[in-house]
Amino acid sequence: MKKIISVILAIAMVLTLSLSVSAYTINTDDAQIGAGEIFGTAAVYFDDATVVNGDTVTVDLMVEDNNEGFTELKITVAADDGISVSAVENGDLGTASYADGVITVTADEAIDADGCVAKIVFAASAEGVKNVVLTATGKNAGDTIGVLGSECLITVEAAVSEGIPGDIDENGAVNTTDLALLKLALAGGGTDTLPNADFDSDGVVNTTDLAKLKLFLAGA
């Protein structure tokens, strides 16, 4: 009876491990070191990236230690608020598609090489460090293979706003107040830190900028 119980427990442990391996995630550093060496199976990941808020960034989705080979990979992408997948393009291995938060990479014949399986275009809509969790499953001609996911980071930086030429007081409008401030700055020689004072964008703040600002305000 004890032997039967031991066998049942052993089978249950094997089933648990086989079911959980595809949902397990590692960090990017482990994936780059070699998931096969550390965990004995392949992994998908992308290098940590940086993007300006309101812009997009494209990352290479990599598979490493792909010793078993695959004919299909499914990678679920779960990202923090403020970063989202806007498009998925083919990588160097297989054919990639994207629907309902899942990237699918397929190949007619098993691919056992390491490399880029897809290019993911992320769109940024909020500042901060965003966590992106990749959960992967794989198949080779119908047989399930072990593929680890990973946790990757995308840093969304603040967009640098471009000032309005001539808007010295940075209130969003160019008017006679700005003209007066520029006159005072030129008279006192304190133009080095004056915002938006280089009206003609030649790299120098001088009386030419003052004259052009006067003409602008006069409607010339």
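## The start of helix α4

At the start of α4, the backbone nitrogen of T208 has a side-chain oxygen of N206 within 3.0 Å, where a polar contact is a pair of N or O atoms within 3.5 Å, one able to donate a hydrogen and the other to accept it, and residues adjacent in sequence count only if both atoms are side-chain atoms. This is a predicted model, in which local features need pLDDT of at least 70 and side-chain atom pairs count only at pLDDT 80 or more, while totals for chains, interfaces and linings use all residues. Residues are numbered from 1 along each chain as its sequence is written, and side-chain values use heavy atoms, with hydrogens and water left out.

## The length and sides of α4

Helix α4 covers residues 207-218, and because each of its 12 residues is taken at 1.5 Å, it should span 16 Å, which agrees with the 16 Å between its end C-alpha atoms; the expected span is 1.5 Å times one less than the number of residues. The buried residues of this helix are D209, L210 and L213, and they cover an arc of only 100 degrees around the axis, which puts them on the same side of α4. The arc is that of the directions from the helix axis to the C-beta atoms.

The buried residues of α4 pack against α3 (176-188), whereas T207 and A218, on the other side of α4, are exposed. Here buried means under 20% relative accessible area and exposed over 50%, with partly exposed in between, for a 1.4 Å probe and protein chains only. Just after α4, G219 takes a positive phi of about 90 degrees.

## Strand β12 and its partners

Strand β12 (residues 147-157) pairs in the parallel sense with β2 (residues 42-45) over 2 bridges, and in this pairing the bridge partner of A42 is V147. Strand β3 (residues 49-52) also runs parallel to β12, joined to it by 4 bridges, with V52 having E157 as its bridge partner. Strand β10 (residues 128-140), by contrast, runs antiparallel to β12 and is joined to it by 7 bridges, with V132 standing opposite C152. Two strands count as paired if DSSP finds at least two bridges between them.

## The chain as a whole

The protein chain has 4 helices and 12 strands, which are DSSP runs numbered from the N terminus, helices being H or I of at least four residues and strands E of at least two. Of its 220 residues, 36% are buried. Among contacts (heavy atoms within 4.5 Å) between residues at least 6 apart in sequence, 69% join residues at least 24 apart.
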